[in-house]
Each structure stands twice: as structure tokens, then as C-alpha cells.
Amino acid sequence: SLYYGLVTLVITSLSCIPLGVRKAIKHRTVIDNVTSIFIFVGYAIPGYVLGALLLLYFSVRLEWFPMGGFVSLRFEELSYWGKTMDLINHSVLPLICYLIGSFAFTTLLLKNHLMDNLASDYIRTAIAKGVSFRQAVTRHAMRNSLIPIATTFGQNITLLVSGSFLIETVFDINGFGLLGLTAILDRDYPVVMGVVLLASVLLLVGNILSDILVALVDPRIRFQ
């Protein structure tokens, strides 16, 4: 769960922010319309349903990827490069399912707020004073548009533990989500309380990180 959560968080941040900026600048162009179609289609498909389809096509029919699991049974016998490739091979399909929902949410959130800021009076004033459009986007509008991303960052921290028990069930990954679901079904109350406690602690830590990020991004907020 930590592995998939961290990788999902990193890939989402590195890909969604540039794409959201591009869509806001190129609003109602071919690039914006085509990417919006793929984003909305991906957002409408549940991750576990997509996982079952990916397993059926890429694992059963084409046999490109393994059926499930975090690593193969012969993982300890492989070399360092072999272990790396085995982990990547097992991670491709689950990561697609993890990314498909958060990718659309982060991209559209940044695009909408950036468009609102680009239409604000302070951006028009900055451009009228001689600031280039690129500088107006990167130095002024972009900073204010990252505030919602920083605010919701703390909620994503809980995904490092909870993850998606449905995706973990489809791909047979022994993560915290599947552990919590199994504990609930087996009425293993100590394990359930442990998972809830860990998720609650991470949510508190995430909220603190969100406050720090908002203070760093928002020019109106300063720590005393």
C-alpha cells in the first residue's frame, strides 16, 4: 500500500500539474477537447472494473503481465535488475487503476482554478504593466491555483494506508485495504482498530502537511 500510494502520488503530481496548466492555456482547442474526452472517460470507469478488464485482456489473452500479486514467487532468486523488472511488471496494471481516478480530479481542479485566476483583475493589471503572459501565469496565477491542490494533499495521504481494497482484491495484493476488509469479514476487531488508528494518524499528519503547503503557496498566509 505504501509503494502504490507513493508512486501514485508522485506520478499524479508530476503529470497532472503540467497537463492542467496546458489545458487552461489552450482552453477550447483541440488539445483541451481531446484530453478532456480521455479524462472524463477514465474518471467514469471504476478502478476495479478497469482492473478486471485489463487482467482479462493483457494477462489472460496476451499474457504480457502477470495475473496478480506484488512480486513473483521466484523474486528472491532473481538478480537486482531482475527484481526491479519483476516489480515493474507486476505494478503496471494496478497503477493504471490507481491513477485513473485521481488523475482526472487533480487535472480538472488545477485547470478550473487557473482559468479563474487568469481572468482576474490582478492578472490583467500585471500584463498591462508590462509583465509577459508566461510570467503572469508562472509567478502569479499558478501560485494561487495551487492552493486547492495543497488543501486536498492531506486527504491523499490516507491512500498510502487504506488504498483501494477492491483493486487490491482484483490483483491479489496484500495491502492495508485488503487487510482491513478481511479483518472486518472475519470480525478481527484488534486488526480493524489498528487499521483505523493508523489511517486516522495519517489523516492528522496529512492535514498538518496541507496547512504547511497552503502557507508556502498562498501569499496571503504567513507563519508567525
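**Close-ups of a predicted model**

At 0% relative accessibility, Cys16 counts as buried, where buried means under 20% relative accessible area, exposed means over 50%, and partly exposed is anything in between (1.4 Å probe, protein chains only). Keep in mind that this is a predicted model, where local features need pLDDT of at least 70 and side-chain atom pairs count only at pLDDT 80 or more, while totals for chains, interfaces and linings use all residues. Residues are numbered from 1 along each chain as its sequence is written, and side-chain values use heavy atoms, with hydrogens and water left out.

**View A. Cys16 and Cys97 are each in no disulfide.** A disulfide is a covalent bond between the sulfur atoms of two cysteines. Here, a disulfide is counted when two cysteine sulfur atoms lie within 2.5 Å, and the tally comes to zero. For Cys16, the nearest cysteine sulfur is that of Cys97, 16 Å away. Look from Cys97 instead, and the nearest cysteine sulfur is that of Cys16. Cys97 is buried too, with a relative accessible area of 3%.

**View B. Tyr57, Phe58, Trp64 and Phe65 are linked into a cluster by ring pairs.** Rings of Phe, Tyr and Trp (its six-membered ring) pair up if their centres lie within 6.5 Å; planes under 30 degrees apart count as stacked, over 60 as edge-to-face, and the rest as tilted. That rule gives five aromatic pairs. One of them is Phe58 with Trp64, a tilted pair at 5.8 Å centre to centre with 40° between the planes. Phe58 also pairs with Phe65, this time edge-to-face, at 6.3 Å centre to centre and 70° between the planes. As for accessibility, Phe58 is partly exposed at 22%, and Trp64 is exposed at 54%.

**View C. Helix H4 (residues 80–118) packs with helix H6 (residues 133–145).** Helices (H or I, at least four residues) and strands (E, at least two) are DSSP runs, numbered from the N terminus. The two axes sit 9 Å apart at an angle of about 120°; axes are lines fitted to C-alpha atoms, for helices over the stretch in contact, and angles run from 0 to 180 degrees between N-to-C directions. That makes H4 oblique to H6, the label left over once under 35 degrees is roughly parallel, over 145 roughly antiparallel and 65 to 115 roughly perpendicular. On the H4 side, the residues in contact (heavy atoms within 4.5 Å) include Leu110, His113 and Leu114; on the H6 side, they include Phe133, Val137 and Ala141.
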